[in-house]
Structure formats: C-alpha cells, structure tokens
Amino acid sequence: MSIKYTTAEEAVKVIKSGHRVFLHSAAATPVELVKAMTARHEELRNVEIVSIHTEGPVPYAEEQYKDSFNINTFFVGKNIRPYVNSGRASYIPMFLSEIPDMFRRGLMPVDVAMVTVSPPDKHGFVSLGCSVDVSNAAVDTAKYVIAQVNPNMPKTIGDGTVHISRFHALVESDDPIFELHAGDLSEVEMAIGKNVAGLIEDGATLQMGIGAIPNAVLATLGNHKDLGIHTEMFSDGIIELVEKGVINGVKKKVYPEKIVSGFVIGSRKVYDFIDDNPMVMMLDVGEVNDTKVIRKNPKVTAINSALEIDIFGQVCADSIGPRQYSGVGGQMDFVRGASLSSGGKPIIALPSATGKGISRIVSTLKPNASVVTTRAHVHYVVTEYGVAYLYGKNLKERTKALIDVAHPAHREQLEKESFQILNGGKM
C-alpha cells in the first residue's frame, strides 16, 4: 500500500485563524506537530487549543503568542499549570465521561485534530495507541485530522483503530513516546496501600489512577485472586499482577477477562505490554467511565485521591484554594459507579498530611477550593492511620471517623474546631 507522507510544516497549514485544534492526550501528544503549529504564530490569530492532559512542551501557551493561540484545557497538568494559574490559559471543569459527547453532539466542534498513531497495517489501519480516551471522539468528528506516524506507538485493540483514509496529512516521526517512571514508595504510601488493599476483596474490579498510592496498593495485592481492571488509566503497576494470574478478569460481567482502560502512561515496559495485546481493550472514556457500564461489574473498587478533605467528607481533588492543580477527571464517574456496583467500594486515599506537615483533613476547605466529590458520595476515606467509613453517618459521626485517621499532631485542633462548627459557633 502506497502512503504519501508530508512534513509537519506542510501538514499544519490546514490550521486557519479561528480554528479549534484538539491535541492528542498524555504520552501521545504530537510534539512535532505542536512545534510546527506554534511556528506559524505570525500568520494565525485566535486559534483555540483544546485538550485533556498532555505531555511535553506547550510553546503555544507562552505570553508572546497570546494573539495567536488561546487555550481551553479539561485537565491541568504540570506543563500547563503555570499558564492556567496566571490567566494565560483557561480550565474547563467537566466529568471525563462527558467530554467525548461534547465533541459528538457538536457542542464543541473540532476543526483540526492532531494525533500520534502507530504505523499502518497491511489493511491501512492505524491505532491511537496508548491514548484513546476522548481522542477518538475528536478524530471521529474533526473536519481535518493530521497525524504523526510513529513506530514507537503501540498498536492497541479497541476503539482507537482508524483507517488512513480518515487523515488529511501524515507525518513520519520516530520520537520516543513519553515515559513516566515510578519512584520509590515511602513508608506513608506503603501504609496507605496496605490499608486500601485490606478493603479489596477477591473477585473485585479495580479502578485506580497512576502515581505513588495506586502503585502502593498494587504492590500489596500479590495474594489476592481473580481481580479485574476497568479503569480510565493504568501504568506499569498491573503488569506483575497479570503475569502472576492475580489479575485475570474472570469475575467481570462487562468485558470479562479483559483489561479495560481509556489511556495508559508509564515506561516502555507498559507500552510493550499493551502492544497488540488482545487482553487489553482501549476504549472511549464515554464507555469506560459511564456509570451504567461501571456498575454492572461486581465489587467495583474505585481508588481515587484528594488534595484536601473536610471533616464532613467534602473532597477537594483538583485545586489548592483558588489555584488549579489538576482536573475533575473521572473521580466522580467511578465514585458513583462503584457505589452502585454490587459490593462496590468507592475509596478516597490520601496522606494525612503534606510533606510540610500541614493536615490534609481540615475543618473547612481553603477559601475558593473546589469540591469534586460531595460528602454524600463519599464512602471510604483512607490514610496511613486507617480507614474512615462515612456512608450513612451523620455529621458528628463523620467528624469523629475522619479525625481518627488524621495525623495525630492535628487531631486535638480538629476536635476543637469540629465542636465549634457542630455547635453553631465561630472558629
């Protein structure tokens, strides 16, 4: 099959002033196309850049290009965070499950989608690889789709298969796929992992994010049996459990014996693991994160994190006061889905204090902090000091349960403050 490639500089000429441009997510961010687009800044005005989490440089966000590019992001990662908090970029709070529908219903029509794909197979099909998430909805609906074709991108099975006839330009690339390597786990993280693992039953279906606490949980599950995975994302931590047969998905009702995810980010090892692996289904997050789908699996155990939680159970997971730190993501999708699952357990796991010793369990959230998960949705809160079960508890019972798992250095003050709040006094 003869395929005509072009240069990145030529491919991005399809972008015009006033266009909305979608960028492929996470490790699949098309870095060369981003650079070429930014290089056209003098001839472009008011181009809107839309994405969820991306990796790599964000040159279009620099102040000098403010007349050429404006940014609307559904997730605030490290690369875009300074620009959001300085006002140069804007954040859209939205459940991850609903973003594909924004594209498909035309509520946010995409003019140009820029993606990274695997090389075409003999039938002319490529793969969106490690990031299907919301990206396939953008590819499905965009007026123009341009792609970096990269042999380092894994070919994955599921919703990310696209025929080359869908693309308006293809650019050859051999850039390494972005890798995220896990660091060593601290004593606090391992203690949280063990406490969470104690809540996970054999036959459970797991949802977890990426990072230290999910890795700590996975590291303690070696003696469990028949676990399944249905999650918006995963990383290297599951591989050893798959190889041991701990994760096999045999108890799942939806996509049994399959690992279901929206995107993957980690080391080369996990990209090789998902490459052409029929056990792994990479699906649209409109499906992955749909509560109607999630709840059908048994014992869905959703493990999510928080930056801060108040004594009644309100979860702040995406901001530090008014400063945006991350995004709404799929936390509420899975908290609700797990709570509706037979035997399901929604878990919020966090260290009791910051590295500077500031309590993460507080009497009141910081001014202008955002609530991602309401107190009515929270079931389990886990720290290194134990498990607080809040579901069905009244306000007084909730404060006691949460103070019991707070850092000992802060419990007395939290007790005083909670007493004042509960008795109508002012702190």
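Predicted model: local features only at pLDDT ≥ 70, side-chain atom pairs only at ≥ 80, totals over all residues.

A: Residues are numbered from 1 along each chain as its sequence is written, and side-chain values use heavy atoms, with hydrogens and water left out.

Q: How many residues of helix α7 are buried?

A: Buried means under 20% relative accessible area, with exposed over 50% and partly exposed in between (1.4 Å probe, protein chains only). Helices (H or I, at least four residues) and strands (E, at least two) are DSSP runs, numbered from the N terminus. In α7 (residues 212-219), 6 of the 8 residues are buried, so the helix is largely enclosed by the rest of the structure. Among them are Ile213, Pro214 and Val217.

Q: Which elements do the buried residues of α7 pack against?

A: Contact means heavy atoms within 4.5 Å. The partners include α6 (187-197), β11 (205-208), β17 (300-305) and β22 (345-349).

Q: Which way do β11 and β17 run, parallel or antiparallel?

A: Two strands pair if DSSP finds at least two bridges between them. β11 and β17 run parallel, joined by 4 bridges; Leu206 has Thr301 as its bridge partner in β17. β17 also pairs with β22 in the parallel sense, over 5 bridges.

Q: Why is β17 described as largely enclosed?

A: Strand β17 is largely enclosed by the rest of the structure because 5 of its 6 residues are buried.
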